Amino acid sequence: MTLSKEGALASILNRPYRTIRLEWSSELAMLRVRTCVKPIQCYSLAAMTELQFCFDDIAAYPGVVRHFVMSSDVPRVFNFGGDLALFVLLVRAGDVDSLKLYGKRCVDLVWWMENAANLGVHTTVLSQGDTLGGGLESVLPFHKVIFERSAQAGFPEVLFNLFPGMGAWDFTIRKAGFAVANEMILSGRLYSADELHYRRLVDVVVDDGQGELAVDKIVRDI
């Protein structure tokens, strides 16, 4: 049986979540997703599973959600990226299968973002704080990337003998070119919002506290 638009929307909004909070704007057909992962704001398996549920629900009811907006409920942090504590546990246990599962979950999420336009969904992300490693990788596929001025981002993986392997090279090269990707990934340093805007990785930089207004303007202008 085909659900009405109201029934489809109820199915999307009524799923219980622990790491994400949903808000709906009927006027804009906009779904806001605000993340809060404890004890560390990162892409835990639980958080990625819940995001995938949300994405699957959007795909299951085409035409209901026209705008997808993601931000963080954690002050001064968008996302710290990979779940390093989990990586340590899995490596020490020699659990290769679980590490592969984690990687697949990461790829599935950025793949959905890459293909959101095929579902008629425009994507916008707002960073109001630290956006590190996988956190930065996750924002690059969005159609519009907004940073508040005090937010900073980078790929620090090289500093602890890892590398950003879930799309950082491709996404950064596509937006900013090989030289910028090489500089950012091999240096491990953090970049200010203005530096990221200069490198074409961020579309809009606004003063602190103005991010929500910028989201509203971008969504209404599309």
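Is Phe 87 buried, partly exposed or exposed? With a relative accessibility of 22%, Phe 87 counts as partly exposed, where buried means under 20% relative accessible area, exposed over 50%, and partly exposed in between (1.4 Å probe, protein chains only). The model is predicted: local features need pLDDT of at least 70, side-chain atom pairs count only at pLDDT 80 or more, and totals for chains, interfaces and linings use all residues. Residues are numbered from 1 along each chain as its sequence is written, and side-chain values use heavy atoms, with hydrogens and water left out.

Phe 87 forms an aromatic pair with Tyr 102. Rings of Phe, Tyr and Trp (its six-membered ring) pair if their centres lie within 6.5 Å; planes under 30 degrees apart count as stacked, over 60 as edge-to-face and the rest as tilted. The count by this rule is 6 aromatic pairs. In the pair of Phe 87 and Tyr 102, the centres are 5.0 Å apart and the planes stand at 90°, an edge-to-face arrangement. Phe 87 belongs to helix H3 (residues 84-93) and Tyr 102 to helix H4 (residues 96-114), so the pair ties together parts that are 15 residues apart in sequence. Helices (H or I, at least four residues) and strands (E, at least two) are DSSP runs, numbered from the N terminus. Tyr 102 is buried, at 5% relative accessible area. Ring pairs also link Phe 55, Phe 68, Trp 112 and Phe 142 into a cluster.

Helix H4 has 19 residues and spans 27 Å from its first C-alpha to its last, close to the expected 27 Å; the expected span is 1.5 Å times one less than the number of residues. Its buried residues include Tyr 102, Cys 106 and Trp 112. Among the elements that cover the buried residues of H4 are helix H2 (45-60), strand E3 (67-72), H3 and strand E5 (122-127). Strand E5 contains His 122, which is buried at 17% relative accessibility. Leaving aside residues up to four places away in sequence, His 122 touches Arg 66, His 67, Phe 68, His 143, Lys 144 and Ile 222 (contact means heavy atoms within 4.5 Å).

Strands E1 (residues 20-25) and E2 (residues 30-35) run antiparallel and are joined by 6 bridges; two strands pair if DSSP finds at least two bridges between them. Glu 23 has Arg 32 in E2 as its bridge partner. The hairpin has 4 residues between the strands. Ala 29, in the loop between E1 and E2, has a positive phi of about 50° although it is not a glycine, and is buried at 10% relative accessible area. Arg 76, in the loop between E3 and strand E4 (77-79), likewise has a positive phi, near 65°, but counts as exposed at 66% relative accessibility. A cis peptide bond, with omega about 5°, joins Lys 38 and Pro 39. Most residues other than glycine have a negative phi, and most peptide bonds are trans.

The structure holds 0 disulfides, a disulfide being a pair of cysteine sulfur atoms within 2.5 Å. For Cys 42, the nearest cysteine sulfur is that of Cys 106, 10 Å away; Cys 42 is buried, at 6% relative accessibility. The sulfur of Cys 54 is too far for a bond because the closest cysteine sulfur, in Cys 36, is 16 Å away. Cys 54 is buried as well, with a relative accessible area of 1%.
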